[in-house]
Amino acid sequence: MASSSLYFLLIFLSISSFTLLSQSQTSSKLNKFVLPIHQDNKTNLYVANIYKRTPLLQTPFVVDLNGRLLWVTCEQNYLSSTYHAPRCYSTQCARANTHYCHTCFSKARPGCHNNTCGLMSVNPVTSLTAMSELAQDVLSIYSTQGSNPGPLVKIPRFLFTCAPSLLLQPVLPGNVQGVAGLGHSPISLPTQLASHFGYAGFAPTFALCLAPNGVIFFGDSPYYMFPGFDISLPLGYTPLIISPLGEYYIEVKSIKINNKDVPLNTTLLSIGRRGIGVKPVEPFEVCFNSKSIDKRTRVGPKVPNIDLVLHDQHVIWRIYGSNSVVEATPGVSCLAFVDGGLNTRAAIVIGAYQMENNLIQFDMAISRLGFSSSLLFFRTSCNNLNFTAIPLRE
């Protein structure tokens, strides 16, 4: 692989009544699931409401694209008749790749037992870590066969960790109870879904469609949005590189702005400063007047198309104004890129804003990333899955 290549580290992305099916009730056609997500207005993090426990309870989790597992705080009010903490050296511990025996000196409760498995949980914003108890309990997720969610489907022994509440502080949204990891690791959410439903032809694939009210698809395409459009049709593809820590990377050969090559050691912001006379708005460095920009697509004469040339010169991920420009203050728009500093994990990080209203598909079976560019040009968006048609309780 060329040394001049860049790797993109895709970091964490910065609902009600139901019918429940058990595994015995599912058919061989049950091979796709949907998880509604929404963007927190204060932090801009993405939050998923996931059904857990017995009886089922909706619990909000921050979505972490590179997270290795799902963790939840159990110190207070974790009530479930199906909670179980696997013993040291059990099959569950081996599956989670942990050989550490957890000890707790407080009164026994979920998250506090002796001779159970310990595993590190991580806050993806602060990087704070804490030893946590490996646990298993019921998790349920919406099935789908089209553009509407179907009945909830139950995973009776989903593995996760019970983490101390200090991991929630101080920057996660106030109502969240944990983090849902989507990384390539033994007990992440996508991996456990693929393992549990593999008998039904479930593909080890998931796709992000980020928006203020977006969705995560689990399973292979097609993915339908209102009014019946398969948003996987415009996907381009590039090899997906997975680090030893289960993080997702792609190879970038070059960058073009308005079809002109940019030297890899020159940032987009330094180019954008030329000839632009509006005062920057922190934390951004390149800003201009918004009057000439279309408010929906953010396309205008001052907004460049940014092309990421991937593993092949004919494979290009185009970033339009809708994903490169943000209105920082009324009348002032800025390029939505910031200096990552000297100690970044990768040369460039694709953030949640660059992925908004793009379909991004992670295919683990063949190590391939699919990308659509902005869906706004196809007259749809990631807000358009119909979650109003959720079945009622039987």
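C93 is buried, at 1% relative accessibility. Keep in mind that this is a predicted model. The disulfide partner of C93 is C117, and the two sulfur atoms sit 1.4 Å apart. C117 is buried too, with a relative accessible area of 1%. About the S-S bond of C93 and C117 the torsion is about 90°, so this disulfide is right-handed. As for where the two ends lie, C93 is in helix α1, and C117 is in strand β8, residues 116-122. The pair therefore ties together parts that are 24 residues apart in sequence.

How many disulfides does the structure hold? There are five. I will go through two others.

Take C74 and C162 next. Their sulfur atoms are 2.0 Å apart, and they form a disulfide. With a torsion about the S-S bond of about -75°, this disulfide is left-handed. C74 is in the loop between β6, residues 70-73, and α1, residues 91-95, while C162 is in strand β10. Because of those positions, the pair ties together parts that are 88 residues apart in sequence. Are these two cysteines buried or exposed? C74 has 3% relative accessibility, so it counts as buried. C162, at 4%, also counts as buried. The cut-off for buried is under 20% relative accessible area.

Then C88 and C101. They are joined by a disulfide with an S to S distance of 2.2 Å. C88 lies in the loop between β6 and α1, and C101 lies in strand β7, residues 101-102, so here the parts tied together are 13 residues apart in sequence. C88 has 16% relative accessibility and counts as buried. C101, in contrast, has a relative accessible area of 27%, so it is partly exposed.

Now the packing. The largest nonpolar core has 55 residues. Which residues have the most contacts inside it? They are F160, L182, F206, I216, F218, W317 and F362. Strand β10, residues 149-163, gives the largest share of this core, five residues.

F218 is worth a look on your screen. Neighbours within four places in sequence are left aside here. The contacts of F218 then include N31, K32, F33 and L35. Further along the chain, F218 is in contact with I141, L182, L189, P190 and L193, as well as F202, T205 and F206.

For an exposed position, look at P170. P170 sits in the loop between β10 and β11, the latter being residues 178-181. Its relative accessible area is 67%, so P170 is exposed. The C-alpha atom of P170 is 9.5 Å from that of V125, and the two residues are 45 places apart along the chain.

On to the strands. What is the strand order in the open sheet of three? The order is β22-β26-β25, with antiparallel pairing. β22, residues 287-289, and β25, residues 325-329, are the edge strands, each pairing on one side only. From one strand to the next, the twist averages 40°. β22 and β26, the latter being residues 332-335, run antiparallel and are joined by three bridges. Within that pair, F288 stands opposite S333 of β26.

As a reminder for anyone following the side chains, in a regular strand they alternate between the two faces of the sheet.

Last, strand β20, residues 254-257. β20 pairs with β23, residues 306-309, in the antiparallel sense over four bridges. One of the partners there is I306 in β23, which bridges to I257. β20 also runs antiparallel to β21, residues 260-262, and three bridges join the two. In that pairing, I255 has V262 in β21 as its bridge partner. What lies between the strands in the hairpin of β20 and β21? There are two residues, and in this hairpin N258 takes a positive phi near 50°.

That is where I will stop.

How values were computed
Residues numbered from 1 in each chain as written. Predicted model: local features only at pLDDT ≥ 70, side-chain atom pairs only at ≥ 80, totals over all residues. Heavy atoms only, no water. Core = buried A, V, L, I, M, F, W, Y, C linked by side-chain atoms within 4.5 Å. Buried < 20%, exposed > 50% of the residue type's maximum accessible area, 1.4 Å probe, protein only. Contact = heavy atoms within 4.5 Å. Disulfide = S-S within 2.5 Å. Pairing = 2+ DSSP bridges. Axes fitted to C-alpha atoms, helices over the stretch in contact; angles between N-to-C directions.
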